[in-house]
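User: I'm new to this one and would like a quick tour. Can we go through it together?

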Amino acid sequence: CLVGSEMCIRDRHTVIIVAHLILRILCTRLKEKEFMAYNTARSMYDGFKESADKRQDAPCFYYYGSTLTWNEVSDMIDTCAAALKACGVQKGDRVTICTPNMPQCMAAIYAVNKIGAVASMLHPLSSKSEAEYAVNLVGAKFAFCFDVSEKAFDGMDITLVKCPTAYYFPKTPMGLIYKFGYKQKIKGKTAPANVTTKYDWPDFLKLGRQYIADNGVPESVGQPFDTAAIMMTGGTTGNPKGVMLHNDAINSLSYELFDVIDDDFDLDNDCMLTALPVFHGFGFALCMHVSMLAGIAQALFPQFDAKMCSDAIKKYHINYVFGVPDFFEKVYKAGYLHGIDMSTMKLIGSGGDVVPYSLTEKMDRLLKANGAKVHFVTGYGLTECVTVCTFTDPMREAPQGCIGIPCYRIEVMTVKPGTTEEVKGQDGELCVYGPTLMQGYYHDEEETNKVLVKHPDGKVWLHTGDMCFIDEKGDIYYRQRLKRVYKISGYLVYPSFIEESFRVMPEIQDCCVIGKEDGGKTMLKLFVVKGKKFRSDDEAELVEKIREFGEQNLSKWSVPREIVFIDELPRTKIGKVDYKMLS
């Protein structure tokens, strides 16, 4: 406005110079603010402690009606760290944590981190053979379990801490009802473990308090690039692998969310739903650790329950909600979120598996009807980069198939599969570079070198094994896992595209396409979960209707040759479609 006014040329020139100087100062201040806001170069525990010192008696955890304050959680972590020290756990030791989302699990993770040990995360419903494999892989001599997972450690040379799920249930009539219901639910699923040493959680805490009385509270010794966690994953091939993630990588992932919302957290009113399991990087960094860094409360759920999670969203005005697609399909289908006030919702979305566009549309309609100002977001990521590395914009409707743009400090490119040759304007294998990349697979250099590859630019990029397309605006579109791309008569076909096409049929509630060898050639097989209104329809007629739809809407190479009806799609322990079981 000043420049456009009737000033003399000299005055306008002066104003331009002054304005330029002011802008430079503002930019410098903003960079300083950003640097201070995203302080990744510290341990996970130190990030928690900074929030705990500020929040003190404010709520930290909501758990089955109980409220634990930041001071109470901080004391629990200190006591747990002291008990670990009393048991001889040292910096660099691997500690297996095989519990669901409960206060003891969170305390164990941050206590292990405080003393510089490594949290080796394991699915709480792992079988005995799975637990033995994971424990032996990382050489753990100490573990935390809960009621149901205790039996998986039977016969191991290990020190085991048993953490009862109901220990922090409220001491109220409702808490007693919860406790009774929980005991009925796990009846017949528990068994004692014969191990070298075993503590119940209360006795373990007593050990910690005695250590503090004798030696004081243990100091925080974790460093930014110390390994903080090992996450078990299928990796690219073969047996499960241990993905090593250091503190800085986990902190960097969590701060991605700060950048996505582009807003300050309302510490007294914001709340996170932590129903995603923390044994997976998605729940670990994007739910649990985000809350710890931001200083907001989180509602913990050991097991997903559509009604309980929905009730918690209403009761605590939860405005950060993440889950796998199956999570939201169940919540939407149950109808528990219909008609509630969502005007304070800041971020809600899904990842961890292909998100059907039909789900995005349904959730967007629900959010709009409930007064939300944000859209349902989708993201993409891998455990090898702590999980999420792209997000769609919560303030705009995402195009179909879009998995977003790169998050804070993340770079992406697509390459010709099996090479480091960048391709633009066409499908290619997505590669990721940034501070969230894993250190490698634990004791598996060969597999590490397959996915962490040095490019001509001198950077080490993560080769994701996923085919994607990046448009001129920078939006990324997911195509398919390389291993799920099939060649039919010389043409590449993408099962996820085929599945998305068939899901628009009212006759199909859900579906999955797999490749099947037939006479030396690959043919496509479609598994269909029928829509509720079509469960009793003649299956032969339904097959013809589905096949006719495919012939009209897909290339001839993409039309499944075989169609099979199934009651429900098999899923992995974290809710992804289990393609291997279907195969």
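**A residue and its neighbours**

Analyst: Leaving out residues up to four places away in sequence, S350 touches G323, V324, P325, F328, V355, F376, V377, T378 and G379, where contact means heavy atoms within 4.5 Å. Keep in mind that this is a predicted model, where local features need pLDDT of at least 70, side-chain atom pairs count only at pLDDT 80 or more, and totals for chains, interfaces and linings use all residues. Residues are numbered from 1 along each chain as its sequence is written, and side-chain values use heavy atoms, with hydrogens and water left out.

User: Is S350 buried or exposed?

Analyst: S350 sits in strand β13 (residues 347–350); strands are DSSP runs of E, at least two residues, and helices are runs of H or I, at least four, numbered from the N terminus. Buried means under 20% relative accessible area, exposed over 50%, and partly exposed in between (1.4 Å probe, protein chains only). S350 has 3% relative accessibility, so S350 counts as buried.

User: How far apart are the axes of α2 and α4?

Analyst: Axes are lines fitted to C-alpha atoms, for helices over the stretch in contact, and angles run from 0 to 180 degrees between N-to-C directions. Helix α2 (residues 44–55) and helix α4 (residues 103–114) pack at about 115°. M44, Y45 and F48 of α2 meet I109, Y110, N113 and K114 of α4. Their axes are 8 Å apart.

User: Which residues of α9 make the contact with α4?

Analyst: The axes of α4 and helix α9 (residues 281–294) cross at roughly 80° and come within 13 Å. On the α4 side, the contact is made by M106, I109 and Y110. On the α9 side are F284, M288, H289 and M292.
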